[in-house]
Amino acid sequence: MELREYVALFRKWLWLLVLCTVLAGVVAFVVSKNTTPIYQASSLLRINQASNPATSVAYADILTAERLARTYANLLTTRPVLEESARRLGIDVESLKESITVTPVRDALLLEVKVEGPNPKLIADVANVLPQVFIDRDRELQLGQVSRWRESLEAEIEATLADISRTQEDLKSATDDTQKTRLEGSLAQYRTTYSSLLASAQQARTAEAQATNNLVVAEPAIETKEPIRPRTLTNTLLAAVIGAMLAIGVAFLIEYLDDTVKTPDDVERVSGLSTLGAIARLKDGGGSRQIVAWSRTRVPESEAYRTLRTNIQFSSVDKPIKALMVTSSSPSEGKSTTAANLAVVLAQTSQRVIIVDTDLRRPVLHKVFGVPNNTGLTTALLAGEAVDLDLQLQSTEIDTLKVLTSGPIPPNPSELLGSHKMAMLVASLSDHADIVIFDSPPVLAVTDAAVLSSQVDGVLVVVDAGKTKEQALANAVAELQKANANVLGIALNRLDTRRGYNYYYYYYYSDEENGDRRGQSEKGSASPRIRLPWHRKPA
């Protein structure tokens, strides 16, 4: 895919891109504006490392404190702590746990308590009360254990002191050496026990001191004014980007699944034929079929038909085209409009032109040119060799253009078009005009076009850009080639510039140049063949 094709694709689907982007952004903006704002408050807790004042802090103590931080992070959201916090604040405990997040700060002995909710004052209170409840409970638990241990040690110390005092009194009153030796041993044992108890008591007091300052509030939570979500601007921009990406994806998917013929490159790839003309979609002006080559001679569409005329003339230089059939692969591709306008631009060169409606099933040329359809092709065929073409042909507003309408619709169109009388009529019409154009039925709909194609000098296939399926075009060309038809090329019809398809303009005239060049053309002067924009220059 070349860059120009990407540009054309972008132009074609620009409306979808803009629509999805704006729609997604507006929806996200409205939803964000109507969503209840959520605020966040956070408090910071510091974990104090307890150590012996007489010794330095070891690495093992730091690791222990980090593990303690993770433990505290889990314990802060236990049910007893939440229930006590909810009781102090007078709120429901069930909605409290979902709004609290406790995380250890990386590479630091810190805990961050985050609380989210729609009430900024309440969540700030929760962020402050929750740590305090945990600190109080943790202190009570630790102090309770240490206090019982210390009280037990103090009782043992008092009992040991009493034993030491009693032993000392007994030793003073002892007269026997054996008794003195026994009392002195007991006294030494009591003193050793007393020393151990004093050391344990010191440890208990140290543990009690440590239990009171393991976790402290380093930074209390404050009431915030700005919500953390929804982020209206961010959501709107993100939704707009997603909408644009979705539109691009849908556009590429549609293009990937689209198997219609849209450009001259598609025509050549599918059928192997050249595009002899590209005509933009006509703007209806009271009817779906218009002869713009006569009513609006200076519009680009008229110039496109003139270019088609020139390319048809140069498509068979050695053997001029006297009988030309215009058809399409399927109905409603614009073959009748193309045939009528082509007949007009040929007649404008002072050539004698006859256009024949050979669509004996759904004739329309009498409506296009506004003539009656009482007589025509079918009555001429019934007349046989005695037919007077001057009576069958009808005049138009252009002196050199005659119309042979279909006449009454017969029950056997294919047999009539393939008959010997039809071949004789084609020859007779060719003698009466410089070129005869036959507006035939679609190739794939009925066999009429294939039957008639072998009796004419050339066939022009009309393709509706963006509607005709690639397979339909390929099948139509194959059917015509099977009938030994001389397929000159393709007329790419109804190019829609608003959808991004490149519209090929062949001439741009000023007012004076229009008159001069059109005058030369109508006099029949030859002009060099026009190089279409998609024709590649030779290397």
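Me: What is the strand order of the open sheet of eight strands?
Reply: The model is predicted: local features need pLDDT of at least 70 and side-chain atom pairs count only at pLDDT 80 or more, while totals for chains, interfaces and linings use all residues. Residues are numbered from 1 along each chain as its sequence is written, and side-chain values use heavy atoms, with hydrogens and water left out. Strands (E, at least two residues) and helices (H or I, at least four) are DSSP runs numbered from the N terminus, and two strands pair if DSSP finds at least two bridges between them. With mixed pairing, the open sheet has the order β5-β12-β11-β6-β10-β7-β9-β8.

Me: Which are the edge strands of this sheet?
Reply: An edge strand here pairs on one side only. That description applies to β5 (275–280) and β8 (394–395).

Me: Which residue in β10 stands opposite Leu 324?
Reply: Strands of a sheet pair through backbone hydrogen bonds, either parallel or antiparallel. β6 and β10 (residues 435–439) pair in the parallel sense, over four bridges. Within β10, the residue opposite Leu 324 is Ile 437.

Me: Which residue in β9 is the bridge partner of Ile 354?
Reply: β7 and β9 are parallel and pair over four bridges. In β9, Ile 354 has as its bridge partner Lys 402.

Me: How many residues lie between β8 and β9 in their hairpin?
Reply: β8 and β9 run antiparallel and are joined by two bridges. Ser 395 has Lys 402 in β9 as its bridge partner. The number of residues between the two strands of the hairpin is five.

Me: At what angle does α12 run to β10?
Reply: Contact means heavy atoms within 4.5 Å. Axes are lines fitted to C-alpha atoms, for helices over the stretch in contact, and angles run from 0 to 180 degrees between N-to-C directions. Helix α12 lies across β6, β7, β9 (401–404), β10, β11 (458–464) and β12. Its angle to β10 is about 170 degrees.

Me: Which strands does helix α9 lie across?
Reply: Helix α9 comprises residues 264–271 and runs at about 140 degrees to β12 (487–495). The strands that α9 lies across are β5 and β12.

Me: Is Thr 378 buried or exposed?
Reply: Thr 378 is found in helix α14 (residues 377–383). Buried means under 20% relative accessible area, exposed over 50%, and partly exposed in between (1.4 Å probe, protein chains only). Because its relative accessible area is 6%, Thr 378 is buried.

Me: Which residue's backbone oxygen does the side chain of Thr 378 reach?
Reply: Not counting residues up to four places away in sequence, Thr 378 touches Leu 360, Ser 406, Gly 407, Pro 408, Pro 410 and Leu 416. At 3.0 Å, its side chain reaches the backbone oxygen of Pro 408.

Me: Why do the buried residues of α4 lie on the same side of the helix?
Reply: In α4 (residues 79–89), the buried residues are Val 81, Leu 82, Ser 85 and Ala 86. They are on the same side of α4 because the arc they cover around the axis, taken from the directions from the helix axis to the C-beta atoms, is only 130 degrees.

Me: What value does the phi of Ser 332 take?
Reply: Ser 332 is placed in the loop between β6 (323–328) and α12 (335–347). This residue counts as partly exposed, because its relative accessibility is 48%. In this residue other than glycine, phi is positive, near 60 degrees.

Me: What value does the phi of Ser 350 take?
Reply: Ser 350 has its place in the loop between α12 and β7 (353–357). Its phi is positive, although the residue is other than glycine, and lies near 70 degrees.

Me: Which residue does a cis peptide bond join to Arg 229?
Reply: The omega of this bond is about 0 degrees.

Me: How far apart in space are Thr 71 and Pro 104, C-alpha to C-alpha?
Reply: Thr 71 lies in helix α3 (residues 59–75) and counts as partly exposed, at 36% relative accessibility. In sequence, Thr 71 and Pro 104 are 33 residues apart. From C-alpha to C-alpha, the distance in space is 9.6 Å.

Me: What percentage of the residues in the protein is buried?
Reply: The protein has 20 helices and twelve strands. Of its 539 residues, the buried ones make up 43%.

Conventions. Polar contact = N/O pair within 3.5 Å; in protein donor to acceptor, adjacent residues only side chain to side chain.
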